[in-house]
Amino acid sequence: NARENAVGDVGGCTMHITLAPCTVCASGLIQAGFARIVVPAGIPARWLEDCTLAREMLLEAGVSYYVIP
């Protein structure tokens with residue numbers, strides 16, 4: 001998990017990840033202080049509800065969320 005392996009001060013940084021984060025990962029990204037999250041388009045159906053809630057959490061916390069088509 002890239003979030004757990006981030007070392008040092010990541011406040012204000014951008015995290016590029018290969019799949020939309022779940023709510024657990026979103027909480028960690030918010031707590032770490034990431035400013036932007038970049039994810040590819042497409043979420044597997046089985047994770048859609050959780051990933052959608054995670055996106056809402058990130059946006060509510062002021063984290064920019066970009067989807068690459």
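Visitor: What share of the contacts in the protein chain with a separation of 6 or more comes from residues 24 or more positions apart?
Guide: Such residues account for 57% of those contacts, a contact being heavy atoms within 4.5 Å. This is a predicted model, in which local features need pLDDT of at least 70, side-chain atom pairs count only at pLDDT 80 or more, and totals for chains, interfaces and linings use all residues. Residues are numbered from 1 along each chain as its sequence is written, and side-chain values use heavy atoms, with hydrogens and water left out.

Visitor: Why is C13 called partly exposed?
Guide: Buried means under 20% relative accessible area, exposed over 50%, and partly exposed in between (1.4 Å probe, protein chains only). C13 has 32% relative accessibility, so the term partly exposed applies. C22, at 24%, is partly exposed because its value also falls in between.

Visitor: Which residues of helix α2 are called buried?
Guide: In α2, residues 23-32, they are T23, C25, A26, G28 and L29. Of the 69 residues of the protein chain, 29% count as buried.

Visitor: What makes up the secondary structure of the protein chain?
Guide: The chain has three helices and three strands, where helices (H or I, at least four residues) and strands (E, at least two) are DSSP runs numbered from the N terminus. Their pattern along the sequence is α-β-α-β-α-β. After α2 comes G33, with a positive phi near 95 degrees.
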